[in-house]
Each structure stands twice: as C-alpha cells, then as structure tokens.
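User: Hi! Could you walk me through this model in plain words?
Analyst: Happy to, here it is.
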Amino acid sequence: MQFTAGEGPCTASQRTGQPVFAVEEDLRRRWPMFADLLLGGTPFRAVIALPLRPGPYGDGALDLYVTRAAAVAELDVFAAVAVGELVTSALTDAAVWSSWSPAEGPGWLHGPVPRRRAAVWEAIGKVSVALDVDPTDALALLRTDAYTAGRSVDEVAADLLAGRPPEDLRPGD
C-alpha cells in the first residue's frame, strides 16, 4: 500500500532513520493517500515503523500494523527499537553468511512478490519510452492509475505488461 501511495510511515522511517508511531489521526494527517488505502481496506488502525540500520546491502524499515490504536501508546519504545535492531542483526547475518552469489541473489528474490515488483520496474520503462516521460513521472502515472482505480501498482503494471496501452495512463485521456 505504501508503494502504491508513494508515501507512508515505512518510507518516512527509512528516510529519517527514526521510528514512527502513527495512529489513525496521524496517518490521515501525514499520509492521506496511504491512510485511505490502509483504513479503507484493512482492519489496521495504527502503524509502527522501525528503521533497520544500514547493513551490507542498504537500509530499510520494518512495519508493524496494529488493529487497536490504543496499543501504540502502551508500547515500550525502547523494546520496539530493540526489535528493529534484532531484525537488522538477523538480516545482516543472513546476508553475510549466505551461500548465494551476487549474480543469482538470494532464493527469496525469485519468489512471487519480488517478481511482481520487478514487473513494476519493467512497466515503468515501458511507460517512460511510450509516453516520453522520465521514470519518476512514469511511476507517478502508475500510482495515480492504481489509486484512482482502487488497485495496487503491481496490478496496473501487470495489465501494462499484458498489453494494456501505456497511453491509457495519460491524465485526461
């Protein structure tokens, strides 16, 4: 949902390196598109995003979705940050001690979710060339189409790669 919206607590946590604790009101105020998708389509009412410190292959963030917003105020912040540190450590160890080669990548990279995301990047290239726009604008067009249709960017990308004309994404057409 955050990738489709292009915004959200996870991206904020990754960008700032700080934990984010956001209940419904915060979500609506700070990330309205993401809030619409999350609150309208799931039982979750709060998000805790924990930064994952940079490891050998970059940084990231971990989202914890909460159905009861009051639980966020009850959370021990130091324990939450410790969870992020433990996850970072486990991921770093897995990367360092893994047996895959850089050319093939880890096994999870060949699963269905990463393949769908790879299709998004392929669709961005297709839209960029067909409409003569830069990749950032192409992704914005995919996101706009997904958001207005109540779909994910992954679904829109799959349609484009299955033959939907990129020109369908032009606003006002």
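Analyst: First, a term: helices (H or I, at least four residues) and strands (E, at least two) are DSSP runs, numbered from the N terminus. This is a predicted model, where local features need pLDDT of at least 70, side-chain atom pairs count only at pLDDT 80 or more, and totals for chains, interfaces and linings use all residues. Residues are numbered from 1 along each chain as its sequence is written, and side-chain values use heavy atoms, with hydrogens and water left out.

User: Great. How many helices and strands are in the protein chain?
Analyst: The protein chain has nine helices and three strands. Their pattern along the sequence is α-α-β-α-α-β-β-α-α-α-α-α.

User: And what does the C-alpha trace span along its principal axes?
Analyst: About 50 × 45 × 25 Å. Of the 173 residues in the protein chain, 36% are buried; buried means under 20% relative accessible area, exposed over 50%, and partly exposed in between (1.4 Å probe, protein chains only).

User: What about contacts between residues at least 6 apart in sequence?
Analyst: Among those, 54% join residues at least 24 apart. Contact here means heavy atoms within 4.5 Å.

User: Let's turn to the helices. At what angle do H7 and H9 pack?
Analyst: Helix H7 (residues 112-131) and helix H9 (residues 153-161) pack at about 55°, and their axes are 8 Å apart. The axes are lines fitted to C-alpha atoms, for helices over the stretch in contact, and angles run from 0 to 180 degrees between N-to-C directions. H7 and H9 are therefore oblique to each other. On the scale used, under 35 degrees is roughly parallel, over 145 roughly antiparallel, 65 to 115 roughly perpendicular, and the rest oblique.

User: Which residues make that contact?
Analyst: H7 contributes Arg-116, Arg-117, Ala-119, Val-120, Glu-122, Ala-123, Lys-126 and Val-127, while H9 brings Val-153, Asp-154, Ala-157, Leu-160 and Leu-161. By class, the contact of H7 with H9 has eight nonpolar, no polar and five charged residues. For those classes, Ala, Val, Leu, Ile, Met, Phe, Trp, Tyr, Cys and Pro count as nonpolar, Asp, Glu, Lys and Arg as charged, and the others, Gly among them, as polar.

User: Nice. And how do the axes of H8 and H9 cross?
Analyst: They come within 8 Å and cross at roughly 110°. That makes H8 roughly perpendicular to H9. The residues in contact are Leu-139, Leu-142, Arg-143, Asp-145 and Ala-146 of H8 with Val-153, Val-156, Ala-157 and Leu-160 of H9. Seven of the residues in the contact of H8 with H9 are nonpolar, none polar and two charged.

User: Which residues of H8 are buried?
Analyst: Ala-138, Leu-139, Leu-141, Leu-142, Arg-143, Asp-145 and Ala-146. These buried residues of H8 pack against helix H1 (2-5), H7 and H9.

User: Switching topic: where is Asp-132, and is it buried or exposed?
Analyst: Asp-132 is in the loop between H7 and H8, and it is exposed, with a relative accessible area of 72%. Its phi is near 55°, a positive value in a residue other than glycine.

User: Last one: where does Gly-60 sit?
Analyst: Gly-60 is in strand S3 (residues 58-66) and is buried, with a relative accessible area of 15%. Apart from neighbours within four places in sequence, Gly-60 is in contact with Gln-14, Leu-50, Pro-51 and Leu-52.
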